[in-house]
Amino acid sequence: MVDPEEMHKGLSREQLRLDGLISAILRVGMLTSVTLIVLGSVLCFTRDSRYGSESGLAALMQHRAFPHTATAVWRDAIHGGGMGLVMLGVLVMVATPILRVIVSIIAFAWESDVVYTLLTAAVLGLLLVALIAGKAG
């Protein structure tokens, strides 16, 4: 097991602050996502009796019950729809590492570290390409 004190030894105050910010982003994103997914799941199974039936589960398996656009997800979540909350939780889960990479790009640019700024921007580009390719296919 790595000692946290030893791991942070030699880091500047700015690097420690950046590590804390990135850690907070990941924790808040994960907790928000899990909360939305659990709450949405509970609402689905307590409010809508279809999910307890065979036909309701079949609809879930065929993706007919899920909102399919960001607008539909938001609209359903705002109105307390269980599926909208579940899908919003999934979107938060997907967005969390993207936000982490964006914050890293800003931090590396702020420190004038060109190499890491470009490498991190390439990672962001790959994440976005994967998202677009996943939506298309």
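Residues are classed here by relative accessible area, with buried meaning under 20%, exposed over 50% and partly exposed in between (1.4 Å probe, protein chains only). By this definition L131, at 39% relative accessibility, counts as partly exposed. The structure is a predicted model, in which local features need pLDDT of at least 70 and side-chain atom pairs count only at pLDDT 80 or more, while totals for chains, interfaces and linings use all residues. Residues are numbered from 1 along each chain as its sequence is written, and side-chain values use heavy atoms, with hydrogens and water left out.

The protein contains six helices and zero strands, where helices (H or I, at least four residues) and strands (E, at least two) are DSSP runs numbered from the N terminus. Along the sequence the pattern accordingly reads α-α-α-α-α-α. Of the 137 residues, 26% count as buried. The mean pLDDT, the predictor's confidence in each residue on a scale from 0 to 100, is 86 for the protein, and 87% of the residues reach 70 or more. Where pLDDT is low, the predicted coordinates should not be read in detail.

Helix α5 (residues 82–110) comprises 29 residues and reaches 41 Å from its first C-alpha to its last, close to the 42 Å expected at 1.5 Å a residue; the expected span is 1.5 Å times one less than the number of residues in the helix. A bend of about 25° occurs in α5 at A95, and a proline, P97, follows within four residues, the bend being the angle between axes fitted to the seven residues ending at a position and the seven starting there. I102 is also placed in α5 and, with a relative accessibility of 34%, counts as partly exposed. The C-alpha atoms of I102 and T117, which are 15 residues apart in sequence, lie 10.0 Å apart in space.

In the loop between α5 and α6, S112 adopts a positive phi near 60°, in a residue other than glycine. S112 is exposed, with a relative accessible area of 61%. L131 is found in helix α6 (residues 114–136), and its C-alpha atom is separated by 9.2 Å from that of V94, at a distance of 37 residues along the chain.

A nonpolar patch on the surface is formed by M30, L31, V34, V38 and V42, with about 430 Å² of accessible area together. Patches are made of residues with over 30% relative accessible area and no salt bridge, like charges being joined within 9 Å and nonpolar side chains (Val, Leu, Ile, Met, Phe, Trp, Tyr) within 5 Å; a salt bridge is a side-chain nitrogen of Lys or Arg within 4 Å of a carboxyl oxygen of Asp or Glu. M30, located in helix α2 (residues 13–47), is partly exposed, with a relative accessible area of 45%.

Methods. Areas by Shrake-Rupley, 256 points an atom, 1.4 Å probe, with all protein chains shown as cover.
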